[in-house]
Amino acid sequence: MQRRTETIGFGVVLAACVTIFFHEALLTARVLSPADVLLVEASFREPGDDDYQPFNRLLMDPVLQFQPWLAFNRAEIRHGRLPLWNPHAGCGTPHLANGQSAVFDPFQLLIYLGPWPDALAWVAAARLWFAGLGAFLLARSWGMAAAGRWFAGLIYPFCGFLVVWLLYPVTPAAIWLPWILLATDRATQRPSVRSSALLALCVGSVVAAGHIQTSAHVLLAAGGLAAWRLVELPRPGVNRWRCGLAWSFGIVLGLGIAAVQILPLGVYLSKSPVWSERRREHPPWWVLSKPRLLESACTGLPYLYGSQRRGHPNLARGLGLNNLNESAGGYAGLATLVWLVPLGLRARRGSREATFLAAMLAVGALGAFRLPPVDNILRALPVLNVTDNRRLTLWVAFALTMLGGFGIDRLARGDFLPRGWLWAWLAAAGVLGVGAVLAPMAEPMLRARAERHYQNAPGAALDSTKAASRAERQVRAALDFVPRRLGLAAVEFLAFAGLAVGARRSARLGRALPASLIVLTVVELFDFGIGLNPTVDRATQDRIPPVIARLREGMRPGDRALGVEEELPPNVLMRYGLADPRNYDSVELTRSLDWLDALYEPTDEARSSRRTVSWRTVEQALPRLKESAVVAVVAASPPPNPGLFERVERVGDAWIGWLDARDWADASPGGPPLSSIRPGAGTIRIEVPAGAVGPLVARETWDPGWTAKVDGSPVKVERYRDAFMQIPMRSESHIIELTYDPMEVRWGLAASSSALVLTILGLTGSAWSRICGIARRGLGRTRARRLESS
C-alpha cells in the first residue's frame with residue numbers, strides 16, 4: 001500500500017509539472033504548434049512583412065510533415081479506413097508504409113478521438129508523463145531510495161532529448177526506453193510467459209511509435225541490458241537459458257505485434273533509394289570521422305552556441321556545427337552532469353545497474369559525438385550503419401538521469417564529493433565569468449563573419465541590404481545572449497560550490513540538499529525547454545493565406561501545384577487538402593524521383609524531393625510537370641519567361657504561373673471529360689462516358705498495391721510512362737474503380753493480429769487457467785467457504 005500511495009503521489013506531482021511545462025497549450029486557447037514558421041514565406045506573410053522571425057525556425061518538419069500526416073490519419077481513421085495511400089504528395093505515395101506516419105502508435109488515440117488541434121498538446125503531455133512514470137518505476141526496481149527515484153522520474157521527461165524532439169516521431173519512440181528496460185529486467189530475472197508478453201507490448205509499441213532509427217537504439221539498449229543480466233551469476237534456482245529464452249521470445253513476439261508497420265516499411269524501402277543513399281553518406285567503418293567535440297559541451301550548457309529560437313544567435317551555423325536538436329539531446333541539467341553523476345559513478349561498487357549505466361553513458365557519448373572505436377563499430381553493424389547515431393544522445397540523457405538518481409541517493413546518505421570538485425566548480429565559474437565579460441570584445445569578428453555568411457548564402461547575395469540587416473540582427477542577438485548565458489552558468493557553478501560547503505557545515509542544509517537539487521534541476525530543464533516547442537494562436541494555426549485561397553479557386557480535383565525555391569515546400573499543400581508532385585519524406589519511391597529528376601538542381605545531396613527547385617529547372621521539366629497534372633507554379637519572384645505559362649498573376653508577395661496541364665485522368669486527348677471522385681484516400685471511382693477512345697490514364701503513381709475493376713470485373717493495372725497508371729477498356733461507357741490494397745499490409749495485419757492474440761493470452765493465461773480449473777473441479781468446500789466469508 002505504501003508503494004502504491006507513493007506511485008500515485010508521484011503521478012500527481014509529475015502531472016502538475018507537465019501541466020506547468022505545457023501551460024500555454026493546456027490552460028489557454030493557444031495551440032502547441034510551430035505553424036508560424038510558414039510566415040517567413042512570401043506565400044504566407046502579409047505584403048511587405050519580409051523580416052518575420054518565427055518562434056523556432058528549426059521546427060519546419062512538424063509543420064510540413066507530421067502535423068498534416070496526423071490530421072490525415074485522424075480523418076481516415078474517423079471514417080473507418082486505414083490511411084494506406086497519400087494522394088497529396090509525390091503524385092501519390094504510400095502513407096502507412098513510411099513508418100513515421102505512426103498510424104498505430106497507441107498515443108495517437110488521443111488525436112483520433114480528441115478535438116483537433118487541441119489534442120496535439122494533450123498527446124505531448126501524456127507522452128512526457130508516461131516517460132517520467134516509467135523512469136520512476138525503473139529507478140525503484142533498481143533499488144534507488146525515494147530521492148533517487150523521484151529525481152529520475154521528474155528529470156527524464158524534461159531532458160534535452162525528449163524536449164528537442166518532442167514534435168517529431170523521435171520522442172514517441174524514446175519515451176519507451178525505461179519501460180522496455182523494466183520489461184527486460186522482469187523477463188531476465190523472473191522469466192515467465194507473462195513477463196515475455198509485457199516485453200512484447202513494449203517492443204511493439206516502440207516500433208509503432210514512428211521512428212525506426214530511435215526504435216533501433218531503444219532495442220539495442222534493451223539487448224545490452226539483457227546481455228548484462230545474463231552474464232551475471234544467476235540466482236539459485238534461476239536458469240540462464242530460460243531467462244534468455246523468455247527475453248528473446250518477448251522481443252520476437254513484440255516484432256510480430258509491429259509486423260503491420262515493419263512489413264510495409266520493408267517493402268517501401270525496397271522501392272526507394274534511401275537505403276543506398278544513407279549508406280553512401282556514411283564513410284566506411286574503418287575511416288575515422290570528424291569528432292563532434294565542440295558540440296559535446298552542449299550536454300552541460302545546451303545554449304552555448306545559441307539556437308534558432310527567436311532572439312537567439314545561431315552561432316552553431318557560423319562554427320560549422322550541428323543544430324540544437326543534434327547537439328543538446330544529452331542535456332539532463334548542469335547539476336546532474338557535474339555533481340550528481342560523479343557521485344552516482346561511485347555507486348558502481350555496490351550496484352550492478354550503476355555499472356551498466358556507466359557503460360551505456362560511455363558508449364552513447366562515443367557514438368553520438370563520433371569518437372572511435374564506438375563510432376567505427378556502429379558503422380560496421382547492419383542497420384546501425386545507416387542510422388543517424390548522433391541520436392545516441394538519448395542514451396547519454398537517460399544514463400545521466402539514472403546515474404544522477406544514484407548520486408542523489410548517496411548525497412542523501414551524507415556522501416560528498418572531494419573538495420577538489422569545489423575548486424573545479426570555482427574555476428569553471430571564473431572561466432565562464434571572464435567569457436561573459438570578454439564576449440562584447442568579439443563584436444568586430446562576429447560582424448565580419450555574419451556578413452560573410454549572409455552574402456554567401458543562396459539568394460542573400462542578391463539583396464545586400466537584407467543580408468546586412470540579418471547580419472546585424474545576429475550580432476546584436478549574440479552580444480545580448482552570450483554574456484547573459486555565460487554569466488548565468490558562472491552563477492550556477494558558484495551556487496553549487498556554496499551549497500556543497502553549506503551542506504558540509506550544516507546538518508539541516510545537508511538534509512535539505514537532495515530536495516533542493518531536484519528542484520534546481522527541474523528549474524534548469526524548464527528554463528531550457530519551455531518555449532522551445534512554441535504555441536501559436538488559433539488564427540495562425542488555421543490561417544488560409546491568399547495564395548492558398550487562390551489555388552483552391554483555380555485547381556480542380558486531382559490538379560497539383562509546385563513551389564519554387566523556398567515557396568510552398570514539399571507537403572505544405574497537404575495542410576490545405578491540395579496536392580504537390582513532390583514528397584517531403586525520408587522514404588520516397590524511386591519511380592517518382594526518376595520521373596521528376598530534371599526538376600531539381602544538381603547537388604551532391606541524397607536524392608529526395610527536398611532538393612532545390614528553381615525557375616530554370618521548372619522550365620527544364622515543364623513537359624513532365626504538365627503530364628503530372630501540375631497546373632500552378634508558385635514563387636516569390638515572377639517567372640523570367642512568362643510566355644511558358646497560360647497566365648501569370650501576383651497574389652500578395654507571391655507569383656502564380658498557371659499551366660495548361662493534362663487532366664488528372666483522361667481516356668484520349670481532347671476526348672469527353674471524365675467524372676472522378678475519391679470516397680477514400682486509397683479508393684478512386686471514375687465514370688467514363690461513351691465515345692472515349694483507348695485506355696484510361698490516371699496520373700497517380702503506379703504501385704503494385706493498386707487493383708482495378710471495370711464495371712465490376714477485375715483488370716490489370718498497367719504502367720503509363722513507368723510513372724502513372726493505365727487501365728485498358730473499350731469505347732463504351734464504364735465505371736472504373738481503383739483500390740490501393742497492398743498485400744504486405746494484409747500480411748502484416750495477419751501477423752500483428754496473431755501476435756497480439758498470443759500476447760493477450762500470455763497476459764491472461766493464468767487467470768484463464770484458474771477459471772477453467774474452477775469450471776472443471778468446482779469451487780470446493782474450502783474455496784466456497786472463503787468466498788462466503790469474504
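This is a predicted model: local features need pLDDT of at least 70, side-chain atom pairs count only at pLDDT 80 or more; totals for chains, interfaces and linings use all residues.
**Entry 1. Starting with a term**

I begin with a cut-off: a residue is buried when its relative accessible area is under 20%. Arginine 292 has a relative accessible area of 4%, so I note it as buried. I looked up its partner next. Glutamate 295 also counts as buried, because its relative accessibility is 4%. The side chains of glutamate 295 and arginine 292 meet in a salt bridge, at 2.5 Å from N to O.

I checked the confidence of the protein chain: the mean pLDDT is 89. I also see that 93% of the residues reach 70 or more. Residues 779-790 are another matter, as pLDDT stays under 50 there. For that stretch the model has 5 contacts beyond four places in sequence.

**Entry 2. Salt bridges across the chain**

I looked up the total: the structure holds 38 salt bridges. One of them pairs aspartate 653 with arginine 45, and their closest N and O atoms are 3.5 Å apart. This pair links distant parts of the chain, 608 residues apart. Aspartate 653 sits in the loop between strand E7 (647-651) and strand E8 (654-658). Arginine 45 sits in the loop between strand E1 (31-32) and helix H3 (60-78). Are these two residues buried or exposed? Aspartate 653 is buried, with a relative accessible area of 14%. Arginine 45 is buried too, at 17%.

I then turned to arginine 662 and glutamate 627. They form a salt bridge, with the closest N and O atoms 3.6 Å apart. Arginine 662 lies in the loop between E8 and strand E9 (665-666), while glutamate 627 belongs to helix H30 (residues 622-627). The two are 35 residues apart, and the pair is another link between distant parts of the chain. Arginine 662 is partly exposed, with a relative accessible area of 27%. Glutamate 627 is buried, at 7%. I followed the shared partners from here: salt bridges join Glu627, Arg662, Asp666, Arg699 and Arg721 into one network.

**Entry 3. The nonpolar cores**

Which residues touch the most other members of the largest nonpolar core? I find Phe22, Tyr156, Leu177, Ile180, Trp339, Trp425 and Leu738, in a core of 170 residues. Helix H5 (residues 119-141) gives the most to this core, with 15 residues. Apart from it lies another core, of 26 residues, including Leu39, Val63, Leu551 and Trp658.

Leaving aside neighbours within four places in sequence, tyrosine 156 is in contact with Ala131, Ala135, Leu162, Ala174, Leu177, Pro178, Leu394, Phe398 and Thr401.

**Entry 4. Asparagine 533**

I found asparagine 533 in the loop between helix H25 (507-529) and strand E4 (535-536). At 8% relative accessibility, asparagine 533 counts as buried. What does asparagine 533 touch, not counting residues up to four places away in sequence? I list Leu32, Leu59, Val163, Leu166 and Leu167. I also checked proline 34, which is 499 residues apart from asparagine 533 along the chain. Their C-alpha atoms are separated by 6.9 Å.

In soluble globular proteins, nonpolar side chains tend to be buried together. I picked out valine 437, which is placed in helix H22 (residues 419-438). Valine 437 counts as exposed, because its relative accessibility is 61% and the cut-off is over 50%.

Terms used:
Residues are numbered from 1 along each chain as its sequence is written. Side-chain values use heavy atoms; hydrogens and water are left out. Helices (H or I, at least four residues) and strands (E, at least two) are DSSP runs, numbered from the N terminus. Buried means under 20% relative accessible area, exposed over 50%, partly exposed in between (1.4 Å probe, protein chains only). A nonpolar core is a set of buried Ala, Val, Leu, Ile, Met, Phe, Trp, Tyr and Cys residues joined through side-chain atoms within 4.5 Å. Contact means heavy atoms within 4.5 Å. pLDDT is the predictor's confidence in each residue, from 0 to 100. A salt bridge is a side-chain nitrogen of Lys or Arg within 4 Å of a carboxyl oxygen of Asp or Glu.
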